[in-house]
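Hi,

Here is the structure I promised to pass on. Have a look at it first, and then read my notes below.

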Amino acid sequence: MASPLDLDQLQTFCAIADCSSFTEAAKRVYKTQSAVSMQIKRLEERLGRPLFLREGRRIALTGDGEAVYARARRMLKLNAEIMDLFSSEDLAGNIRFGVPDDYAVKLLPIILSGFQRTHPKIMVDVRCQPSEELLEGMRSGKYDIIVFTQGTMHEFGELFRTERMFWVASHGGQALATEPLPLACGPQYCIWRADAVEALSRINRDFRIAYTSSNATAISSAVLSDLAVGFLPESAIQPGMRVIAEDIKLPRLQDAQIALLRASHAYGGIYDALVTHITGNMGNLSGARSVGDTAAAE
């Protein structure tokens, strides 16, 4: 019978995969770079397969490495759960948490106020950034946990909520009737922008990008001030916005997929406490029609 794999080696392996760097991974697991290299050499010898492609400074997982990575993550998670079962320590510490401001209007008050009441010894340091910047921050070690929009040039993370995307305009405004249709949206890499542009082009609706920002509050302000028509997930729709019913002029948009991603060390203890709170409370967010009237497009 084969002996079990070394969890410490798997932790190091996941850290390298997360940041694509042996040097950065060594800092994260508090080892020298030579010790990290030796651990991976022993793990690859044990499995009989190379786990990383090394091209100069570029580090990437092989196909076998990707298969190991998903399973190693599950092993680290299970190990943390077992340790928690027999831990008598109070939950205390700091969590670096990132979230797009698209969800911050409703998400942060629900999560953080309730979480601080039930876990007063856990400090959550929050930063609001676009999903692509949050993903880069996770790779560079700036975050323990992030919530992000899945589909932003990546397809990974734990999908835990799907929301309808709605076209929105200002009540009583003229932007919706303007030709070409003025749009308020995120930068070019924004998955929602790409979907909206593709949907409008598909039905030959003339439009122009009138207002661009990576800040959801700025986009909402442009919509509310009638500078442009926007598109938002239900949890980002604000009072004063008119939710436009689907018709031939404004096609149905793809749903927003909200996912959660952890650093490879962020299992068990304080991290599981926050993740449970996030996924539980996000499921209770109200729908778009509770924060704005729905009207047919004119």
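This is a predicted model: local features need pLDDT of at least 70, side-chain atom pairs count only at pLDDT 80 or more; totals for chains, interfaces and linings use all residues.

Residues are numbered from 1 along each chain as its sequence is written, and side-chain values use heavy atoms, with hydrogens and water left out.

Now the overall picture. The protein has 9 helices and 13 strands; these are DSSP runs numbered from the N terminus, helices being H or I of at least four residues and strands E of at least two. The C-alpha trace spans about 70 × 45 × 30 Å along its principal axes. Of the 298 residues, 49% are buried (buried is under 20% relative accessible area, exposed is over 50%, and partly exposed is in between, with a 1.4 Å probe and protein chains only). If you take contacts (heavy atoms within 4.5 Å) between residues at least 6 apart in sequence, 76% join residues at least 24 apart.

Back to the sheet. Strand β5 (residues 145-149) pairs with β12 (residues 256-262) in the antiparallel sense, over 5 bridges; two strands pair if DSSP finds at least two bridges between them. Both belong to an open sheet of 5 strands with mixed pairing, in the order β4-β3-β5-β12-β6. At its edges are β4 (122-128) and β6 (158-163), each pairing on one side only. On average, neighbouring strands here are turned by 20 degrees against each other, direction ignored. Helix α6 (residues 131-139) lies across β3 (93-99), β4, β5 and β12, and runs at about 150 degrees to β5. For such angles, axes are lines fitted to C-alpha atoms, for helices over the stretch in contact, and angles run from 0 to 180 degrees between N-to-C directions.

Next, charges. I count a salt bridge as a side-chain nitrogen of Lys or Arg within 4 Å of a carboxyl oxygen of Asp or Glu, and the structure holds 15 of them. One links Arg262 with Asp272, with the closest N and O atoms 2.6 Å apart. Arg262 is in strand β12 and Asp272 in helix α9 (residues 269-282), so this pair ties together parts 10 residues apart in sequence. Arg262 is buried at 8% relative accessibility, and Asp272 is buried at 18%. Salt bridges with shared partners also join Arg161, Glu163 and Glu234 into one network.

Finally, helix α4. Lys77 and Glu81 both sit in this helix, 4 residues apart, or about one turn, and form a salt bridge with N and O atoms 2.5 Å apart at the closest. Lys77 is partly exposed at 33%, as is Glu81 at 30%. Leu85 is in α4 too (residues 63-85), and is exposed at 68%. Together with Leu78, Ile82 and Phe86, Leu85 forms a nonpolar surface patch of about 490 Å² accessible area. Patch residues have over 30% relative accessible area and no salt bridge, with like charges joined within 9 Å and nonpolar side chains (Val, Leu, Ile, Met, Phe, Trp, Tyr) within 5 Å; areas come from the Shrake-Rupley method with a 1.4 Å probe, and for residues only the protein chains shown count as cover.

Cheers
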